[in-house]
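These are my notebook entries on a structure that I had not examined before. I began with the annotated domain and then turned to the aromatic rings.

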Amino acid sequence: MTYLMKICTLVVNVLCLPLHLIHAVGLYKMYRRIFPFCLYRLSARYNKKMHDKKKELFLSLSEFRKSGGHLTILEIGCGTGANFTFYPPGCKVICTDPNPHFEKYLKESMEQNDHLTYEKFVVASGEDLGTVEDESVDVVVCTLVLCSVNNIPQTLREVHRILRPGGAFFFLEHVAADTSTWSYFLQHVLQPAWYYFGDGCGITLETWKHVEAAGFSELKLRHIEAPLMLIVKPHIIGYAVK
């Protein structure tokens with residue numbers, strides 16, 4: 001299957017030559033303007049299919065509220081604000097995303113979720129959250145984001161830096177499938193095209209290994225099969241405590 005996978009991946013790469021060229025000359029940046037619209041539609045469908053899993057995951061958020069204070073959440077790659085509906089009332093939210101064109105949809109989500117207090121929107125990548133102070137937030141949330149950062153270990157180092165002692169990192173990410181499955185085969189074959197469709201998204205990443213190696217004091221991580229198309233079925237879900 002490995003040989004067949006390499007041949008099929010090569011074919012897909014050849015078919016993607018126009019996209020490679022568009023990216024090389026800098027025209028791909030135009031897609032980043034319309035990607036928020038695409039994600040806005042897709043996020044609604046994803047939330048519908050993953051509602052129970054998200055509700056279960058974020059049920060533990062309130063446990064990390066400081067005594068007598070508000071729960072402060074920083075979301076990396078907040079996108080259109082698809083997670084806001086799952087956050088507990090009264091918490092303060094800091095939104096970050098490297099794509100400034102999400103702000104329009106983010107504002108709509110803020111208006112629809114007035115049970116939250118929004119502190120600010122910061123245009124920043126997960127690898128560089130320099131505008132956020134050390135040990136300043138109770139919770140960091142990251143859903144379907146580690147698949148598209150350039151450096152997962154650096155992103156997790158930033159998470160560790162900005163979390164207060166005893167704070168938690170909540171995650172929900174699609175990951176690489178088991179090597180013996182057709183999902184794994186399709187992930188590798190379709191990765192060249194998926195990269196452009198998903199604005200840099202990787203579907204062949206063993207993200208759980210990076211989370212396990214990030215130096216958290218406690219880690220609750222599960223592998224699940226999401227009710228989604230074959231290549232993005234494998235997910236990890238859980239939280240890690242600093």
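I looked up the UniProt record first: an unreviewed entry lists residues 74-171 as "domain: Methyltransferase type". The model I am reading is a predicted one. For residues 74-171, I noted that the end C-alpha atoms lie 12 Å apart. I also recorded that this span is 21% helix and 33% strand.

I then turned to the aromatic rings and found 18 aromatic pairs in the structure. One of them joins Y31 and F35, with 5.8 Å from centre to centre and 50 degrees between the planes.

My next entry concerns F64 and F170, whose ring centres are 5.9 Å apart. Their planes meet at 85 degrees, so I classed the pair as edge-to-face. I placed F64 in the loop between α4 (51-58) and β1 (72-76), and F170 in strand β5 (residues 163-174). The pair therefore ties together parts that are 106 residues apart in sequence. F64 counts as buried at 8% relative accessibility, and F170 is buried at 0%.

Which residues do ring pairs link into a cluster? I listed F58, F64, F84, F86, Y87, Y118, F170 and Y239.

Note on methods: Residues are numbered from 1 along each chain as its sequence is written. This is a predicted model: local features need pLDDT of at least 70, side-chain atom pairs count only at pLDDT 80 or more; totals for chains, interfaces and linings use all residues. Side-chain values use heavy atoms; hydrogens and water are left out. UniProt positions are given in the numbering used here, feature names are shortened, and annotations may be inferred rather than shown by experiment. Helices (H or I, at least four residues) and strands (E, at least two) are DSSP runs, numbered from the N terminus. Rings of Phe, Tyr and Trp (its six-membered ring) pair if their centres lie within 6.5 Å; planes under 30 degrees apart count as stacked, over 60 as edge-to-face and the rest as tilted. Buried means under 20% relative accessible area, exposed over 50%, partly exposed in between (1.4 Å probe, protein chains only).
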